[in-house]
Amino acid sequence: MSVIRTGAGLSVTYRPRALLVGGACLVLALVAAVFAIGSGEYPMAPADVVRTLVGQGDPADAFIVQELRLPRTVTALLVGTALGLCGAVFQAVVRNPLGSPDILGFTNGAATGALVVIVVAGGGSAFLAGGAVLGAVVVSGLIYALAWKRGMHGYRLVLVGVGATAILTGVNSYLITRAQITEASRAVLWMTGSLDGRGWSNALPLLAGMAVLVPLVLFGCARALRMMEMGDDAAYALGVRVERTRLALLGAGVLLVALSAAAAGPVSFVALTAPQLARRLTKAPGPNLVPAMCMGAVLLVTADLVAQRAFGDHQLPVGVITGVLGGGYLVWLLATERRAGRI
Amino acid sequence: MRNGPEAGTAATAGADAKVVAETSCGAAAVTRTKAAADTEARTDTSAGANTEADHRMKTDIRTAKRDSATGAATGKATGTGGTADAATGAAAGARLTGRDLTLAYDQRTIAEELDVAIPDQSFTVVVGPNACGKSTLLRALSRMLKPAKGSVMLDGSDIARMHAKALARTLGLLPQSSIAPDGITVSDLVARGRYPHQGLLRQWSREDERVVNESMEATAISELADRFVDELSGGQRQRVWIAMALAQQTQLLLLDEPTTYLDIAHQIEILDLCARLHEEEGRTLVAVLHDLNHAARYATHLIAMCEGRIVAQGPPGEVVTAELVKDVFGMPCRVIDDPESGTPLVVPAARR
């Protein structure tokens, strides 16, 4: 732990290694973003992409970059960042590496909300976003209420969440069978999590939400969250208002999941893997929020690049890639946890 | 806890304690009421005196005995020259008090009408059989558990209304089940005790650094500073947690069964450490302990609980008697002088 002190008695601490990991992830994410923008039917050299991004490119490039490819890449960066952060928050609140929104059922809640909009109302993307947010908030509220008993215990939240996920998966399948064929295919594609054809209208609501929620989490709750890692009693003894902090963190996390799902569909497993990968690299105790955000960004942008380009003419939804990678990771995590005797 | 107040009152004062059934530990309080008169004298001129007097009267009617047991504690503390905080209405010589506490989890009532005062600068130990409410009392005293009724007062103000961090700078608690985060070093964990003194832009002052180093020295873990907590032995780990609580720099420190899961050598090591921390800097320590002999040896003030009630309190030499052990724990025994410390030593009766 290193510290910067000012003459005025102010002091800020940081971990050099965590800073390095976060910085490296950010650089990698931006490099991947440049490659993603440069690739496609009309390829551009990375240097041209950068030149265009800073406003020095020719007008044709500028149109392709700013109107067609940049929104998609920015959405990928934002969704990755948001999922990395909320995964780290949930895992720390629940004190369990399985405590990601995918498994707790919050992501499925967002999906149900959006599906209701697609299938029942047949609404556009603005309604869809609203449906996702509403679905996530309602479902997470229910899960929280069901898991509540004289305070919140992480394990109970995971178990209730697993149950809720199963129910919601059923509900979602039912909703799809009830849909018209065109809406059903749109719904299925959305459910996989896709960045295809994302425009500024998808990126901006997420950006606006993150502008409020990310500082709230990082500056308002992060230090208290670190104390809560030691158990509610220990945190309480240190002067943390545990219930209030947890509610604020869960609320912010649910909104981040919902806004991400609204922008790109329920992209699976990024929230689960990013914080764990970041933590293994930083080797720092604590929730590692900022490294997890950077890791989420690089994971999602890279996964989208792979999904677009690695299979020739076949473009895959990004959720397929994150699902395959994240599923493998989950198996590995469960195996090591079991070997360590924790489950 | 199914003995109503009446049951307690009905037990004939000072009478044959042996007739008390195993499960009811009502009569024991009677044997230690010497300062009962002090209770009346103590309700003084303070701002809070009216409510206090009302409250006293109410409880006096219900259970004279239990109340006077509390009186004994406060009376004693006054005698030893504790400064009365009359302006704020705090009980003399006891910064931390609980009044008329009803403690419950959901619908399950653990304790009712509990009055307790922790004498300043004491090493108070709470003892009692399993599920007698001693840990619950400690949780209430540290605001971990909100009393269903009554209030816990610190320096004359209700702790439920105090600012969380301000309270954490005065009153520390070492919980029974704390989790050491994965891959944390000793010094990092101890440093977390500074949380109530820190802020967003004051994350690690020189003062923080100094206090953390001192706390590690006081608990003899300085040489472990860079080790990972998961690698330590149980005794070392407990010293790390105590160091963290010390780094909080609180005048009052509550410890919930600090010796559980430790072998006998480490138990004594931790208790010696607590005794030293109590002697230095005039800290007030409150600990819940399982072992009555440890309690008798280390405590300066002993609180014996049974079925959610305080049945006796005072110096261990006065409190620990064969009758009390029989009443509270339902175990026949002899009490002899500890040849090492001269404190009472409970020797369970041999099987005949």
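Which residues does Val301(A) touch, not counting residues up to four places away in sequence? Select Val301(A) and display Ala29(A), Ala32(A), Ala33(A), Ala36(A), Thr73(A), Ala76(A), Leu77(A) and Gly80(A), which are the residues that it touches; two residues are in contact if their C-beta atoms, placed from the backbone, lie within 7 Å.

The model is predicted: local features need pLDDT of at least 70, side-chain atom pairs count only at pLDDT 80 or more, and totals for chains, interfaces and linings use all residues. Residues are numbered from 1 along each chain as its sequence is written, while chains are lettered from A and ligands numbered from 1 in the order in which they are written.

Helices (H or I, at least four residues) and strands (E, at least two) are DSSP runs, numbered from the N terminus.

**Spans annotated in chain A**

Select residues 18-37 of chain A, one of the spans that an unreviewed UniProt entry records as "transmembrane region"; such annotations may be inferred rather than shown by experiment. This span is 100% helix and 0% strand, with end C-alpha atoms 28 Å apart. Residues 247-269 of chain A, also among the spans in that record, are 78% helix and 0% strand, and their end C-alpha atoms lie 23 Å apart.

**The sheet in chain B**

Move to chain B, which has 13 helices and 12 strands. Four of its strands form an open antiparallel sheet in the order S2-S1-S4-S5; strands pair if DSSP finds at least two bridges between them. S2 (108-118) and S5 (157-158) of chain B each have a single partner strand, so one side of each is left without a neighbour in the sheet. Five bridges join S1(B) (residues 96-105) to S4(B) (residues 149-154); Leu96(B) has Leu154(B) as its bridge partner.

**The interface**

Finally, select the 24 residues of chain A that are in contact with 29 residues of chain B. On the chain A side, strand S2 (11-14), helix H9 (200-228) and helix H10 (232-237) each give two or more residues. The largest share, four residues, comes from H10(A).
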